[in-house]
Structure formats: C-alpha cells, structure tokens
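Here is a short briefing for a first look at this protein. Please go through the overview, then the points by topic.

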Amino acid sequence: MKKLGQNTICTHIGEVQDEQFKGAVSPMYLSSSYEFLDVDVKRYPRYFNTPNQEYLSKKIAALEHAESAMIFGSGMAAISHMFLAFLNKGDHLVVQNTLYGGTVNFIKEEFPKYGIEYTFTNGYTASDFEKAIKSNTKLIHIESPSNPLLTITDIKAIAALGKTKGILTSIDNTFASPINQNPLDLGIDMVMHSATKYFGGHSDICAGAVASSNENIEKIWNVSKNLGGSLSDMTVWMLERSMKTLGLRVKAQTKNAMKLAKWLSKHPEISKVYYPGLKSHPEYKLAKAQMKGFGAMLSFELNSNLDSYAFQKSLKLIKSSMSLAGVESTFISPHLTSHSLLSQEERDKVGISNQLIRFSVGIEDVKDLKTDITEAIAQIKK
Ligand SMILES: *Cc1c(COP(=O)(O)O)cnc(C)c1O
C-alpha cells in the first residue's frame, strides 16, 4: 500500500483486530496474565507488550516515521526511561536551557544520585550546543517549540552535530505533535511525547511515548522493564480512541492559533505575541522550514497597566489550567506556575514577565475566544 496519510494512520494503524466478534474497534485486553509455555511472546503489562500496548505503539511509530515506539504511564516516565537507558554513571548530557519544568527537576534532582553529569546550554543555537559538549557527552536533548516562549531550535543542525560527534540526539516533540513536526525525518535519533497533551487531547489521560529505531527502543525497553512505568490497558485503549482524531484536532487547533496570534498581535492592550507562525517571530523561517504547521501553543504579554491575574479571573470561556493541548482553550501564567521557583531577577533574564500568559488554543470558534478576551479586558479596565 502507498504511504498512508496522517489521518488514515490515526484512524486505522495499530488496531487490535477483533477476530471473535468482528467489532469495529479494538477490543480491550485487561489481562495481566498470559500463557507462558510454548508462546512466541511472553506478554505482561510491565513488559510493555500486552495486545493494546503493542498495537498502539505501532500507531505512534507510524505517525513519527519510526521503526518502533513505546507507551509509558506519563511523559516524565518516557523521558526518564529514555535518559536512563543511554546515560550511565560518568556520562554527560547536553540539554537545552529552555525546557519543560519537570524535565529540569528530574535532571537536577535525580542525576546526582546516579553520577550522571549535565550541562544546560546558554542559548538554543547549534553553536550553543556545540560549546556545551564534553568528551563524555552521550546525549543531546532539545525541545522545539519550547515552553513558554516558543523558541525554535534548528533540529537538522542539532542532528548533524550529534552525527559528527557520535552523540545520540533526542527531542521533546510534545508542543508540535507529529501532526506538525516529524523530527526523525530531520535526523534526530529519538522523539518523546507527553501523551497527556495532544495525543490524549481531552484533558483526561496521563501517558507518554518514545519513538525511535528498533535498536534504540530495545535499549530503552531493557531499562524500562526494570523501572516499571507502564500504562494501564484501560488508559491505553482510551488513548487509542483519542488518537483517532489527533490529526483533526491538532489541525483545527493550529488554524485557530494562527488566527488568534494575528489578532492578538494587533490588539492595543497586548504588548507582545510569541508564536512561530508570525513573521515577527525571530525563527519564523526556521519554523516554516522544519514544521508542517506552527502548532497551537502561543504566549502573549498584556500591557503593563493590566493585572494578568484579574484578567484570567474575568474570563468566562477560557479556563486557567496547569496542563495544555486539550480541545478546550486554556491560559496559564508561567510566573505563577512552571517558573514560580525562579526569582524575579532570574525570570527577567529568561524573559518570563508577570504579564506573560501562555495560551493553549482549543477547537472553539475563534470569534467566541476573541469575545471572551475582549470582555475580560474591558472588565478589568472598569
Ligand atoms: C507535560 C509535559 C511533559 C511531561 O509530561 P507528563 O505527562 O506530565 O509526565 C514533558 N514535556 C512537555 C513539553 C510537557 O508539556
């Protein structure tokens, strides 16, 4: 068969066939105990190979153009198992300075216990990464677009750097999703996702995934079977169901985000908009070259005379939420959440002002989202 399109992969690849009753959707196998004697595969939930786990992995691998994939109990389980599979005592990790907060905590709090060294880059250009490499560097990890300022890292350049130096490369592709970005095609070795976000898409699932070559996934599996961190089959099944609409959802959200970014950038009460799809974004050309769509995450700054807390409390439709990527639009103040542990001075240095609001754009009608924002601003100006 010809190479399938993304929506066809979302709908059809990685289905468990219902041989017995010919039902239209995958049956859910809840068994935690499988035949042991004379079988090809010894199945067990923590071996990541129950029927539902095995088949959903195929859908994720197909979407990321990978040979293989694994599903985990959370995005952090995916990232921690991936790191621990390739970093031994005495090894060194080069990691992007702008990174998901949980990943930063994992590195800072856990790596010293394992004797793994790390360096956060000073910036996100390829030369910033090259400068951080040491003789014992075994992995380079990037995030693009990044949280919350939507910076774009040159994926091809980082992949090439890794290849020249014989260092593995990995990316957190959560913000883009495979619908908008396929880093393996650009030469990156491993791609991970918080499936809690766009894969789930309805703010009711916590899961994670890694996609890579058969060889790399086998190495991760060897560590993961010891660490645990597998996802329950009930949630695997729900995730499969959610992923059928991944393409539809993400494309609709991305379209909305572009419209809203343009509108916000012309809004008199908004001083700045961060969205890689705007020509004013410093890495617009790079984003256009390496992404299929600009994604549905953006950030903006309210004018300094407006209280960002009061603004969010005045919204009627858009919720304030820690998480992101659901079909419903959400806002969050990074200075109160992901970056609350930094001092004001440290936040100023990385460009996280108290006026900054991160916007996870949903599938609602854009006109209603605009009205919500306009009315909330009018409310606090009274
Ligand atoms: C949420 C998130 C994670 C962590 O995923 P969990 O499912 O919460 O463990 C990692 N990276 C990014 C970019 C995220 O947004």
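In which strand does Val 94 lie? Val 94 lies in strand β2, residues 92-95. Strands here are DSSP runs of E with at least two residues, and helices are runs of H or I with at least four, numbered from the N terminus.

This is a predicted model, in which local features need pLDDT of at least 70, side-chain atom pairs count only at pLDDT 80 or more, and totals for chains, interfaces and linings use all residues. Residues are numbered from 1 along each chain as its sequence is written, and side-chain values use heavy atoms, with hydrogens and water left out.

**Overall build**

- The protein has 14 helices and twelve strands.
- Its radius of gyration is 21 Å, which agrees with the value near 21 Å for a compact globule of 382 residues. That radius is taken over C-alpha atoms, and the globule rule is 2.2 Å times the number of residues to the power 0.38.
- Along the principal axes, the C-alpha atoms fill a box of roughly 75 × 55 × 40 Å.
- Of the 382 residues, 54% are buried. Buried means under 20% relative accessible area, exposed over 50%, and partly exposed in between, with a 1.4 Å probe and protein chains only.
- Among contacts with a separation of 6 or more, 73% join residues 24 or more positions apart. A contact means heavy atoms within 4.5 Å.

**Around Val 94**

- Val 94 counts as buried because its relative accessibility is 0%.
- Leaving out residues up to four places away in sequence, Val 94 touches Thr 119, Thr 121, Phe 129, Ala 132, Ile 133, Thr 137, Leu 139, Ile 140 and His 141.
- Gly 247 is 153 residues from Val 94 in sequence, and 32 Å away in space, C-alpha to C-alpha.

**Helix α6**

- Helix α6 spans residues 155-165, with Ile 155, Ile 158, Ala 159, Leu 161 and Gly 162 buried.
- These residues lie on the same side of α6 because they cover an arc of only 160° around the axis. The arc is that of the directions from the helix axis to the C-beta atoms.
- The face turned away from that buried side carries exposed Lys 156, Lys 163 and Thr 164.
- Cover for the buried residues of α6 includes α5 (126-132), β4 (137-143), β5 (168-172) and α11 (284-290).

**Helix α9**

- In helix α9, residues 233-243, the buried residues are Asp 233, Thr 235, Val 236, Leu 239, Glu 240, Ser 242 and Met 243.
- Their cover includes α1 (6-12), α2 (51-63), β1 (68-72) and α10 (246-266).
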